[in-house]
Amino acid sequence: SEAEGFGHCLMEAMSVGAVVITVDGEPMNELVDATTGVLVTAARTGTLGLARSFHVAPAAVEQAVEQVLAMAPAERAALGQRARTRFEDGDAAFRAGFAAATME
């Protein structure tokens, strides 16, 4: 997407252990980093309403896909597993925090 409010698509991909390719801009790079996915540098940024938008060059996306395809299967699996673990940790923290906040 051009602008992201939370990252539902990213979290969904991480939840199943997928290898995530996303733009290196907030909030995407707050959810995915080099240990849990592949970041693509934005060619330019702008605004979309109150949100910051990120535009990537097609060649940069192509390079990221080629990078993932060049990984050994075990490396891709490890990247996906780290993404899954980050999702699980974040999900557990959210559930605990939400429960604590609503019990007060």
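The model is predicted, with local features needing pLDDT of at least 70 and side-chain atom pairs counting only at pLDDT 80 or more, while totals for chains, interfaces and linings use all residues. Residues are numbered from 1 along each chain as its sequence is written, and side-chain values use heavy atoms, with hydrogens and water left out. Helices (H or I, at least four residues) and strands (E, at least two) are DSSP runs, numbered from the N terminus. For exposure, buried means under 20% relative accessible area, exposed over 50%, and partly exposed in between (1.4 Å probe, protein chains only).

**Salt bridges**

- The whole structure holds four salt bridges, each defined as a side-chain nitrogen of Lys or Arg within 4 Å of a carboxyl oxygen of Asp or Glu.
- One of them joins the side chains of R86 and D33, at 3.1 Å from N to O. Because R86 belongs to helix α4 and D33 to the loop between α2 and β2, this pair ties together parts that are 53 residues apart in sequence.
- R86 is partly exposed at 31% relative accessibility, and D33 is partly exposed at 25%.
- Another salt bridge links E88 with R84, whose closest N and O atoms are 2.9 Å apart. Both residues sit in helix α4, four residues apart, or about one turn of the helix.
- E88 counts as partly exposed at 34% relative accessibility, as does R84 at 28%.
- R95 and D91 also form a salt bridge, with 2.9 Å between the closest N and O atoms. R95 and D91 are both in helix α4, four residues apart, about one turn of the helix.
- R95 is exposed, with 56% relative accessibility, whereas D91 is partly exposed, with a relative accessible area of 26%.

**Aromatic pair**

- One aromatic pair is found in a search of the whole structure. The ring centres of F94 and F98 are 5.9 Å apart and the planes meet at 20 degrees, so the pair is stacked.
- Rings of Phe, Tyr and Trp (its six-membered ring) pair if their centres lie within 6.5 Å; planes under 30 degrees apart count as stacked, over 60 as edge-to-face and the rest as tilted.
- Helix α4 (residues 73-103) contains both F94 and F98, which are four residues apart, about one turn of the helix.
- F94 has 55% relative accessibility and therefore counts as exposed.

**A buried loop residue**

- T36 is located in the loop between α2 (28-31) and β2 (37-40).
- With 1% relative accessibility, T36 counts as buried.
- Apart from neighbours within four places in sequence, T36 is in contact (heavy atoms within 4.5 Å) with L31, L79, R82, A83 and R86.

**Nonpolar surface patch**

- I21, V56, V61, V65 and L69 make a nonpolar surface patch of about 370 Å².
- Patches are made of residues with over 30% relative accessible area and no salt bridge; like charges are joined within 9 Å, and nonpolar side chains (Val, Leu, Ile, Met, Phe, Trp, Tyr) within 5 Å. Accessible areas come from the Shrake-Rupley method with a 1.4 Å probe, and for residues only the protein chains shown count as cover.
- Helix α3 (residues 58-70) supplies the largest share of the nonpolar patch, three residues.
- V65 is in helix α3, and V65 counts as partly exposed at 35% relative accessibility.
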